[in-house]
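Please find below a note on the model under review. The points are numbered so that each may be checked against the coordinates.

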Amino acid sequence: PRLTHRERALVTIAAIAPDVDGLGAIAELTTRNDAHPLLWYTDYHHVLAHNLPFAIAFSFATLLITRSKLTATLAFVAVHLHLAGDLIGSRGPDGYQWPIPYLYLFRGQPQLTWSGQWQLNAWPNVAISLALLACTFVLAWRRGYSIVGLISRRADAAFIAALRARF
């Protein structure tokens, strides 16, 4: 069965939703020169939303919104694909590995890490990004809609028309 526009949007949001805990960077940057800076990014990024309880909660919310078990399952998988991507390829330039506290709220440990984790700007991430972008363009060309449609259907129609005219 094909997903509706809203269902596709929720699955797409699920794939990036774990990084909502990175919004602490705003508070951290704006208070960095204060006597008591808010270290919300340092302390909570890859913690609050990079875990199983967040995946369950987001999937449950998706189920309540859409009443679709398929969409809720895809949202759960999308959150986990994000976690897997972070586990595999998000090491910092200083060599720091972001551990994934998978059972956070239930237990503090174990924290998932992988010794082979490559840097965020390493060639595998670039290659994977380019390959997935190519797949996105091919699917958009074939199906007649793209991720642009999550923002504007008119812009999506123009994007598809330009894509089809070019290729």
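In which helix does Tyr-44 lie? Tyr-44 belongs to helix H3, residues 40–44.

1. Basis of the note. This is a predicted model, in which local features need pLDDT of at least 70 and side-chain atom pairs count only at pLDDT 80 or more, while totals for chains, interfaces and linings use all residues. Residues are numbered from 1 along each chain as its sequence is written, and side-chain values use heavy atoms, with hydrogens and water left out.

2. Overall architecture. The protein contains seven helices and zero strands, giving the pattern α-α-α-α-α-α-α along the sequence. Helices (H or I, at least four residues) and strands (E, at least two) are DSSP runs numbered from the N terminus. Along the principal axes, the C-alpha atoms fill a box of roughly 55 × 35 × 35 Å. Of the 167 residues, 32% count as buried; buried means under 20% relative accessible area, exposed over 50%, and partly exposed in between (1.4 Å probe, protein chains only).

3. Surface patch. Leu-38, Trp-40, Tyr-44 and Leu-48 form a nonpolar patch on the surface, and their accessible area together is about 370 Å². Patches consist of residues with over 30% relative accessible area and no salt bridge; like charges are joined within 9 Å, and nonpolar side chains (Val, Leu, Ile, Met, Phe, Trp, Tyr) within 5 Å. A salt bridge is a side-chain nitrogen of Lys or Arg within 4 Å of a carboxyl oxygen of Asp or Glu. Areas come from the Shrake-Rupley method with a 1.4 Å probe, and for residues only the protein chains shown count as cover. Tyr-44 itself is partly exposed, at a relative accessible area of 34%.

4. Packing of H4 and H5. Helix H4 (residues 52–66) packs against helix H5 (residues 69–89) at an angle of about 155°, with the axes 8 Å apart. H4 is therefore roughly antiparallel to H5. Axes are lines fitted to C-alpha atoms, for helices over the stretch in contact, and angles run from 0 to 180 degrees between N-to-C directions. Angles under 35 degrees count as roughly parallel, over 145 as roughly antiparallel, 65 to 115 as roughly perpendicular and the rest as oblique.

5. Packing of H1 and H5. The axes of helix H1 (residues 5–16) and H5 come within 7 Å and cross at roughly 25°. H1 is therefore roughly parallel to H5, and H1 passes H5 in a right-handed crossing.

6. Most residues other than glycine have a negative phi. His-46, in the loop between H3 and H4, has a positive phi near 70°. Arg-67, in the loop between H4 and H5, likewise has a positive phi, of about 60°. His-46 is buried at 3% relative accessibility, whereas Arg-67 is exposed at 67%.

7. Contacts across the sequence. Thr-4, in the segment before H1, is 67 residues from Thr-71 in sequence and 9.5 Å from Thr-71 in space, C-alpha to C-alpha. Thr-4 is partly exposed, with a relative accessible area of 42%. Leu-120 occupies the loop between H5 and helix H6 (123–143) and is exposed at 58% relative accessible area. Leu-120 and Gly-92 are 28 residues apart in sequence, with a C-alpha to C-alpha separation of 6.4 Å.

Terms used:
Left-handed = near helix turned anticlockwise from the far one by under 90°.
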